[in-house]
Every structure is written in C-alpha cells, then in structure tokens.
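Let's take a friendly tour of one protein model. Keep the 3D view open while you read.

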Amino acid sequence: MSMIAAFYGGKSILITGATGFLGKVLMEKLFRTSPDLKVIYILVRPKAGQTLQQRVFQILNSKLFEKVKEVCPNVHEKIRAIYADLSQNDFAISKEDMQELLSCTNVIFHCAATVRFDDTLRHAVQLNVTATRQLLLMASQMPKLEAFIHISTAYSNCNLKHIDEVIYPCPVEPKKIIDSLEWLDDAIIEEIAPKLIRDWPNIYTYTKALGEMVVQQESRNLNIAIIRPSIVGATWQEPFPGWVDNVNGPNGLIIAAGKGFLRALKATPKAVADLIPVDTVVNLMLAVGWYTAVHRPKSTLVYHSTSGNLNPCNWHKMGVQVLATFEKIPFERAFRRPYANFTSNNFTSQYWNAVSHRAPAIIYDCYLRLTGRKPRMTKLMNQILRTVSMLEYFINRSWEWSTYNTEMLMSELSPEDQRVFNFDVRQLNWLEYIENYVLGVKKYLLKEDMAGIPEAKQHLKRLRNIHYLFNTALFLIVWRLLIARSQMARNVWFFIVSFCYKFLSYFRASSTLKV
Ligand SMILES: CCCCCCCCCCCCCCCCCC(=O)SCCNC(=O)CCNC(=O)[C@H](O)C(C)(C)COP(=O)(O)OP(=O)(O)OC[C@H]1O[C@@H](n2cnc3c(N)ncnc32)[C@H](O)[C@@H]1OP(=O)(O)O
Ligand SMILES: NC(=O)C1=CN([C@@H]2O[C@H](COP(=O)(O)OP(=O)(O)OC[C@H]3O[C@@H](n4cnc5c(N)ncnc54)[C@H](OP(=O)(O)O)[C@@H]3O)[C@@H](O)[C@H]2O)C=CC1
C-alpha cells in the first residue's frame, strides 16, 4: 500500500495554476493514485472566451485524463473550480468561496506564475511575488492546513554557478519592491527594471527568486516546502510517454527545428541540458507534500528537481537524438530539411542566422509575393529568433544543483512509494525519452497523424533534391561570374580542366596496357 497515496485520501487540496502544464499533470496523478481524495479546489480565471466550467470540462475530457476516468469515474464531482484572478486583491474570490477554502483546505500546491521571460516587472511581481504572499496569508488562516508546497524554479538563482537547496537572499527586499510598485508609474518601473534585476537574465527568474524570499519571510508557523524544477519537459512514463501541451522551453524549438525553420543554435554543445520530465516533478511534489505534512521538518526545505548531477545529458547529445528522431518520424510540410548546427561562437552564429535563417525566409517571401500571396516567413523567422535569443542564456551555461534533500526524501520512501511516485531521474534513458518527446510534440502539440509519415518523408526527399539543385545552380552562377571577371579564376579553371584531362588520359592509357 502506498503511504503517499493513502495520505491524500479524504483530503481537500488546493491547486493554483491547475490549468497550466504542471498543474494538469499534478491533478491527473492525484486523481489516479488517490481517487478517494475529497476534493481538489482549483483557482481558475476565464480565458480565451471560455468560462471556468468550459475550461475544466476541456481538461477532464482531454487525452491526458483518459486513465483517470477509469479509476475515478466521478472525477467531475471531485473538482471544484473557483473563480480567481491571482493578480487581483484577495484574488477576486467571492466571500463564500473564500470561507470554504479557508475552512476546508488540507494541502496547497502553489504552481501559478507568469513564466514569460519578458513580462513587465509590475505584472511579474504581482503574480510571482505578491500573489505568493497573499496565498501565504490565506494559508495562515486555514486551521486544517497540513502542508504548503511552493513551486519555484531551479533558475531562481541562476546568477550563481553552484546552487544549494537553501533560500538565497535577494539584494532588494521583496516588500520594498511591492510597496514601490504601488506608487511608481509603468514607464519608471520599466526604466528601473534592468537595474533591479542585475545579473539575473530576465524578469521571470528574478521574480521567482523574490517569491522564494517571500515564502521564507512569511512562513509563520506553516509547514512549507519549496520545489525547484529545472527545464520541465514532456512526460517520461505517466500517464503515457511524451505528453506535452505548450510551446514553452524546448517544445517550441523542437517544432521550429522539426519544421526546418531553425537549423542552427547558439548553444554550447557540452553544456548540460538540464531537462526534467513533468511526471518526475509531479511525483516529487506529491512525495514532498506527504513528507512535509507527516514529518513536519523544523525549517522550510528546498528540493531540487533537476537531472544534471544525477544523470547528465548535454545539448549535443540531445540535438543528435532529436535529429535522429526527425529522420524516423518527420513532421509534416517542413519548410526545409531539419538540421542542427550548434555553435558557441558569436560570429558563426550570426553567419548561420543570416545564411540559414533570414536569407531563406526572404527568398520564400519573395516567392509568395510573386505568386500573389501574403509574405509571412520573415515575420515568423523573427519571432523564432527572438525566442531563441531569450533561451540562449540557458543553453550556453551549466549549473550544479545539489540534491541532498531530494535524495534524502527518496531514501525515506517505502519501496512501493518509490515505484508509484518515482522521481529517481537516474533511471531515465535519455535516448528513449527524447524520441518519445519528439513524438509527443508531433502528436499532442502539432496534432499530426502518424498515417502522414510516408508523405512527410517523401516531402523531405523533394526538399533534399531542391536543396541540391539550388546549391548546384548557385555554384555554377557564381563560378560563371568569377570566370568572366577574374584572370585568377580563369587560371584555376584551366588548371582543373587540364588536370582532369591528364588524369583521364593516364587512366585510359593504363587500362589499355593491362588489356
Ligand atoms: C535539433 C534542435 C534541438 C532542439 C532542442 C533545443 C532545446 C532548447 C532548450 C531551451 C531551454 C529553455 C530554458 C528554459 C529555462 C527556464 C525554465 C523555467 O523555469 S520557466 C518555464 C519556461 N518558460 C518559457 O519557456 C517561456 C518562454 N517564452 C517567452 O517568454 C515568450 O514566448 C517569448 C518572450 C520567448 C516570446 O514572446 P512573444 O514574441 O511575445 O510571443 P508569444 O509568446 O506571445 O507567442 C506568439 C505566438 O507564437 C507562438 N510561439 C511562441 N514561441 C513559439 C515557438 N518557439 N514555436 C512555435 N510557436 C511559438 C505562441 O504560441 C503564440 O501563438 P498564438 O497564441 O498567438 O497563436
Ligand atoms: N515549465 C517549466 O519549464 C518550468 C516551470 N516552473 C514553474 O512551475 C510552475 C508551473 O509552470 P507551468 O505549468 O509550466 O506554467 P504554465 O504557464 O503552463 O501555467 C501557469 C499557470 O498559472 C496560471 N495563472 C497565470 N496567471 C494567473 C492569474 N492572474 N490568475 C490565475 N491563474 C493564473 C495559469 O492560468 P491560465 O491557464 O488561466 O493562464 C496557468 O494555470 C510555475 O510556478 C513555474 O515557475 C519551474 C521550472 C520550469
């Protein structure tokens, strides 16, 4: 019997960010392993013209939840969507809902955040810092609360090289920043933002660091733990391999590479690609929830959910495997044949950007214009290159994350819990994982049918022939121009021709002698 699964039985669990990538996998696992839990409260806002109910309906009827329906047929009754906007005062939750949350919640998983790297400082602080503070305040009024699990990121201290499982202080107190945002206007805030974030690469990682400080300062007598995942990737095993649902992190780049838009990256091939499967993170979250509630550690423990120090994989190995998978399972209607040129050199990277990215986009847009269609490739390419430039910081460096607490927790679990809530990333086979990941991107993100693979392969062959034709034509044109204009080129040309002639004559003569 799993102690962790039993712990969540009969519990009322509050999840923020349940409509996000991590939140959905968390809900799925909770329902599947503890179908007797009492209720999951989720704080949701209406979005893209959908009401809360429509959003929940869509999630529960997605492929991700297929197995849940078998073990927990009344899942619809066990999920309670509460209207909330985390950027508002008191989250804009109604009095009745607030009362219910305060009096019933046993465990909180705080996943909601803005994960955009380029968000405004005001919005990122509201979501990643102020909302965390407000949720802690709510938590302090919950008499039945047993554990508060805060999800941060392994990159919240990416300005350091070696990162321990401790909360590091930020140069400016979060409270001072929250207070000053109340009276400063937006223009001034954006002006001071670069000075505030100092050596953090973006507003996201900086505000997540502030969020951790808030957790430390406002923890009162609560049982709190912080989990820091690195780059969260597709599912490894559960509920099935390769599930993924947004274009964040590596996902967008895999699409861009598979479709042949992105053929070179400024990346350090030997740098560690610290990916962690989303189901591994979720298993750790549930184990931490149980451990924090039952063992009540005296201080706030931080757990790293990273792969680099236990089972490292580098960007080169990852790129090679991604490309190998594209060969087997190509994406449909690729723009160019997939290729991945990793270079850490600035000049080479600029060269590849011009030759391999911008030039083909411009040529294709000219073709679209000539055929009376609207050009779109340059715009798309700019968008991709912008995304790449935002992610470059993370693919050109390696970090060392210590994992003492995570390993300690692993050793505290019963063999059954180690199996059901497996977060031992040492067991991950990278080649298999990456192949399933790419397949998952094709199936669940691009919604491409497997039946289209032969046609996709055929399309890639056509692209290869066009590529050879184009290169040959280009070479001949350049050469013809050179010969017309330069004596030196003409001399080289006559030297090559006479060399070939002599070689052929010699070859013919020696074969006649043999006969
Ligand atoms: C062989 C090659 C090998 C490949 C493997 C290489 C792997 C590289 C790994 C990268 C490492 C990532 C490191 C992340 C580390 C931090 C992890 C975390 O803690 S934090 C968690 C991680 N957090 C993050 O990862 C957040 C990072 N992302 C951002 O911050 C922003 O997206 C942005 C600033 C990059 C672009 O902003 P902006 O220019 O305003 O653009 P919008 O966002 O508004 O999108 C506009 C439209 O385009 C769509 N679309 C977008 N991108 C792509 C794409 N790549 N593709 C396709 N589509 C894409 C998008 O859906 C939207 O469509 P629609 O809705 O209009 O229909
Ligand atoms: N993905 C990754 O690679 C990593 C993620 N993390 C952390 O994990 C957590 C979850 O990330 P992930 O699932 O990937 O992110 P997503 O962007 O997929 O999900 C974010 C969630 O937060 C919710 N949210 C955002 N703003 C509000 C708001 N104003 N009111 C209510 N809800 C809001 C979103 O709701 P809605 O659907 O309405 O937008 C969504 O449910 C975050 O704390 C992130 O920092 C850490 C390391 C890596």
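What follows covers a ligand's surroundings, a pair of helices and an annotated domain. Keep in mind that this is a predicted model.

**Around ligand 2**

Start with ligand 2, which is surrounded by 28 residues. The closest of them are Gly17, Thr19, Gly20, Ala113 and Val232. Two elements give two or more residues to this shell: helix 2 (21-33) and strand 8 (231-233). Helix 2 gives the most, with 3 residues.

Now find helix 12 (residues 315-328) and helix 17 (residues 430-445), whose axes come within 9 Å. How do these two helices sit relative to each other? Their axes cross at roughly 50 degrees, and helix 12 and helix 17 are therefore oblique to each other. The crossing of these helices is right-handed.

So who meets whom? The table lists the residues on each side.

| Helix | Residues in the contact |
|---|---|
| Helix 12 | Lys317, Met318, Gln321, Val322, Thr325, Phe326 |
| Helix 17 | Trp430, Leu431, Ile434, Glu435, Val438 |

By class, the residues of this contact divide into 7 nonpolar, 2 polar and 2 charged.

**The annotated domain**

Finally, a look at the records. An unreviewed UniProt entry places the feature "domain: Thioester reductase (TE)" at residues 15-285. In the model, the end C-alpha atoms of residues 15-285 lie 12 Å apart, and the span is 41% helix and 14% strand.

Definitions and conventions. Residues numbered from 1 in each chain as written. Chains lettered and ligands numbered in written order. Predicted model: local features only at pLDDT ≥ 70, side-chain atom pairs only at ≥ 80, totals over all residues. Near = placed C-beta within 6 Å. Helix = DSSP H or I, 4+ residues; strand = E, 2+ residues; numbered from the N terminus. Axes fitted to C-alpha atoms, helices over the stretch in contact; angles between N-to-C directions. Parallel < 35°, antiparallel > 145°, perpendicular 65-115°, else oblique. Left-handed = near helix turned anticlockwise from the far one by under 90°. Contact = placed C-beta atoms within 7 Å. Nonpolar A, V, L, I, M, F, W, Y, C, P; charged D, E, K, R; others polar. UniProt positions renumbered as here; feature names shortened; annotations may be inferred.
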